[in-house]
Amino acid sequence: MKRGQHILAIVGLVILVEICVYVAAIEIPIKYIPPHKNLVVIRRAFGTDGIAPAYEYRGGSWAIGLNLGSSSGPIFCNLDSGSFDLFVAGQGCSNCVPTPPIFYTPTSNQQVVSCSSTTCNTQGNTRNTCTSSGSCQTTVVYGDGSGVTATVVRDVVGIPGLTTSILGFFGAITSTKNTTSGGPFLSTGQGGIIGCAYGTGSSFPNGAGQNLLDYLANVNNQPNIFSLCLNSAGPWMSFGENYYGKNNFFWTPVNYKPYFGFTLNNVLLNYASTTSNGGGTSLGLSQAQYNTGRPFIDSGTTLIYLETNLWNTFYGALQSACNSGVNLVGVCGQTRQNSIFNRVFQLTTAQVAAYPTVQFIISCTGNGATCSSLNVPPTSWIRSLGQGRYTGGIQTSTLSILGSVFMQNYHVVFDKTRDYIGFAPQSTCNLDGVVSNVTNKNPNAGARLKTPFSLVRDLI
């Protein structure tokens, strides 16, 4: 479907109107992939400061299936709103551990990108290099220390359940790098990772400033919008659905590209049983201090990370609550090294509930929605490891990152068309007229289409 422009003469006034007809929005089931066996908790040495975590929580990943090349079935790739490109395990990946169920198999029309290509751009991108055969090779390291080295190729990319596919650039992984703690890059059942942040950060753009997801929206003439509902009932992704202006959604501007960064105004701790808008006790920092870590939303990160000074203030507030008589098992009477943020504790349901709801206060606009407080209850951020064992799901870093621990409480919309992030209750996880609830979304059933819609914009 093409865009058409029509000139309308109305009482002598010429008005230029652009009519944009988009293909159907897409509903894509998400598959939760548990962490690699025995790697839910990994032991590691203390850092020189004496307070580095002795245990690291390794959550699973949220993945969608992609048809790539002539592979025998969909390859499930981790959805990562904190990175930029698609990487999948190639046939020559000797250390892709655990072994993916399906490796990427090229079609006969696959193109290996030359290092002299403008797509590779070895002069302007230090992540890309030339191999001895002259092909483009890229190396990317992620925030947990893991990484990939891959050959950049162009081949068929499709989404199961849809009849259309595209030719797109992606990385065929030749080797992987473990996390800082020694965990593998891939989890069992996972074959790659797809970056969903802004394409301006791409190592091998699919056109100017576009990554693969941007390119998919462009060639299908869709709004460059996707949303994620990460939950146990039926995790789900929408692509091309425009939620802007709908009831129960509120929006905050993206202020730090190429990531989905936002401005954090305050952080409150609320020990009350109700967590309406506000109502907690502020950590008392300035707005500049709250934003030192450039907070952003990242579906590829499991936990919530707070910038060092913000995390120290947060931990100090928990200790103050202990001194005021709140019984926080895992904090009260413990050194920081031995606290729930560095160790595993046996807790009852009541002891988990004693911890506060953490309220992130942002600037936003809304339509029929309570608009300024993003609440993360203790049942989300005190992480269950099973059998009554728990560990702290808020950790310290040089950056502030709201990972899937945060996102599992909301329907989160990433609107690249308007440069906004939207938040709504998970009850909104549907395409209008297609899905009535989240429980019928089978990750192996493939994507579904919404009836095409059109958007009319006045240009003059």
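Let's start with serine 400, which touches Gly293, Arg294, Pro295, Phe296, Tyr305, Leu306, Glu307 and Leu310, leaving aside residues up to four places away in sequence. Keep in mind that this is a predicted model.

**Around serine 400**
- You'll find serine 400 in the loop between β29 (394–397) and β30 (401–402).
- Serine 400 has a relative accessible area of 3%, so it counts as buried, the cut-off being under 20%.
- Glu307, one of the residues serine 400 touches, also has a polar link to it: a polar atom of the serine 400 side chain lies 3.0 Å from the backbone nitrogen of glutamate 307.

**Around phenylalanine 341**
- Phenylalanine 341 sits in a loop too, the one between α3 (308–323) and β23 (345–346).
- Its relative accessibility is 1%, so phenylalanine 341 is buried.
- Leaving out residues up to four places away in sequence, phenylalanine 341 touches Trp311, Phe314, Tyr315, Leu318, Val331, Trp381, Gly392, Ile394 and Gln395.
- Glycine 393 is 52 residues away from phenylalanine 341 along the chain, yet their C-alpha atoms are separated by 7.3 Å.

**Strand β14 and its partners**
- Strand β14 (residues 165–177) runs parallel to strand β9 (residues 86–89), and three bridges join them.
- In that pairing, phenylalanine 87 has glycine 171 in β14 as its bridge partner.
- With strand β13 (residues 147–158), β14 pairs in the antiparallel sense, over twelve bridges.
- Look for valine 148 here: it stands opposite threonine 176 in β14.

How values were computed
Residues are numbered from 1 along each chain as its sequence is written. This is a predicted model: local features need pLDDT of at least 70, side-chain atom pairs count only at pLDDT 80 or more; totals for chains, interfaces and linings use all residues. Side-chain values use heavy atoms; hydrogens and water are left out. Helices (H or I, at least four residues) and strands (E, at least two) are DSSP runs, numbered from the N terminus. Buried means under 20% relative accessible area, exposed over 50%, partly exposed in between (1.4 Å probe, protein chains only). Contact means heavy atoms within 4.5 Å. A polar contact is a pair of N or O atoms within 3.5 Å; within protein, one must be able to donate a hydrogen and the other to accept it, and residues adjacent in sequence count only if both atoms are side-chain atoms. Two strands pair if DSSP finds at least two bridges between them.
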